[in-house]
Amino acid sequence: MTNRLDAVVSSIVEGVRNALREHDVTFEEYRKGFKFMMDVAEAKELPLLMDLFLNTTIVEIQNRQAQGSPSDLEGPYFRSDVPLVTDKIKTMPEFGGTPLVLRGHVKDTDGNPVEGATIFVWSSTPDGKYSGFHDNIPVDYYRGKLLSGAGGAYSVESTVPVPYQIKNNGPTGALLEAMGRHSWRPAHVHYKIRKDGYKDLTTQAYFEGGEWVGDDCCEGKLTDDFVIAETVEDGKHVMDIDFVIERAA
Ligand SMILES: [Fe+2]
């Protein structure tokens with residue numbers, strides 16, 4: 001029987017060794033590298049660093065085997081303890097924000113409607129943060145869970161999210177800056193669709209032509225499937241998406 005752990009770790013180590021050889025990395029640079037890793041650990045930024053560079057790859061591998069809609073990054077801001085919402089997600093008028101209607105259908109891989117699926121929706125506040133992780137905005141704002149109804153249809157109103165920067169005041173942000181990269185993510189809406197007997201689908205949707213779409217610091221947006229042309233109806237922006245979920249094995 002092959003030892004999978006040995007196979008994966010050995011490949012990672014060999015990949016790193018090859019990078020060091022390719023760039024003639026010096027002992028001083030090597031020492032700086034592990035000082036950086038110690039700083040990252042001390043700042044408790046290991047999850048941030050790992051997700052920044054590697055989470056997309058794991059999602060990409062997952063999508064290779066998927067028959068349903070493509071997955072995307074979950075990110076650090078998902079909360080399951082959110083209110084059930086029907087027509088409207090709570091927002092705070094003092095923060096402004098353009099109304100956004102999220103609607104569409106949930107289907108299975110045969111194209112049949114899936115009723116009673118729970119759709120978790122979360123997106124940034126108009127000032128680029130997330131409720132529950134924001135000093136002034138509790139978790140029942142700018143997020144919620146709704147149920148697909150007849151014909152698998154869902155519809156709920158929120159506000160248009162904005163691009164935001166990932167945490168950039170620690171060693172991970174310093175690394176990005178030193179590399180000449182930025183820490184911006186394009187505006188996006190997070191979704192997680194959950195239904196007994198089906199695999200969870202965790203994904204994100206973006207707006208066509210939005211700033212940083214195609215230059216996401218986290219390299220999200222693995223496909224163009226959920227880059228949505230923004231339409232406006234009765235003064236409200238609309239994000240219309242059908243999700244396909246796959247039966248659990
Ligand atoms: Fe996000």
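1. Strand β1 (residues 99–108) and strand β4 (residues 153–159) run antiparallel and are joined by 7 bridges. Within this pair, Gly 104 has Tyr 154 of β4 as its bridge partner. Strands here are DSSP runs of E with at least two residues, helices are runs of H or I with at least four, and both are numbered from the N terminus. Two strands pair if DSSP finds at least two bridges between them.

2. On the basis of the model: it is predicted, local features need pLDDT of at least 70, side-chain atom pairs count only at pLDDT 80 or more, and totals for chains, interfaces and linings use all residues. Residues are numbered from 1 along each chain as its sequence is written, and side-chain values use heavy atoms, with hydrogens and water left out.

3. β1 also pairs with strand β11 (residues 236–245): 9 bridges join them, and they run parallel. Val 106 has Phe 243 as its bridge partner in β11.

4. Glu 157 lies in strand β4. Is Glu 157 buried or exposed? Its relative accessibility is 13%, so Glu 157 counts as buried. The cut-offs are under 20% relative accessible area for buried, over 50% for exposed, and partly exposed in between, with a 1.4 Å probe and protein chains only.

5. Leaving aside residues up to four places away in sequence, Glu 157 touches Asp 87, Lys 88, Ile 89, Pro 99, Leu 100, Val 101 and Lys 236. Contact means heavy atoms within 4.5 Å. Glu 157 and His 237 are 80 residues apart in sequence, with 9.5 Å from C-alpha to C-alpha.

6. An open sheet holds 5 strands in the order β3-β2-β7-β8-β9, with mixed pairing. Its edge strands, β3 (143–147) and β9 (227–228), each pair on one side only.

7. β2 (residues 118–123) has two antiparallel partners in this sheet. Its pairing with β7 (residues 188–194) is antiparallel over 6 bridges. Here Val 121 has Tyr 191 as bridge partner, and Trp 122 stands opposite His 190. Its pairing with β3 is also antiparallel, with 5 bridges. On that side, Thr 118 has Leu 147 as bridge partner.

8. How many of the residues of β2 are buried? The count is 6 of 6. Both faces are covered: Thr 118, Phe 120 and Trp 122 are buried on one side, and Ile 119, Val 121 and Ser 123 on the other.

9. Helix α2 (residues 27–42) and helix α4 (residues 171–178) have axes that come within 9 Å and cross at roughly 140°. That makes α2 oblique to α4. Axes are lines fitted to C-alpha atoms, for helices over the stretch in contact, and angles run from 0 to 180 degrees between N-to-C directions. Under 35 degrees counts as roughly parallel, over 145 as roughly antiparallel, 65 to 115 as roughly perpendicular and the rest as oblique.

10. At this crossing, Phe 36, Asp 39 and Val 40 of α2 meet Pro 171, Thr 172 and Leu 175 of α4. The buried residues of α4 are Pro 171, Thr 172, Gly 173 and Leu 176. Their cover includes α2 and α3 (46–65). After α4 comes Gly 180, with a positive phi near 80°.
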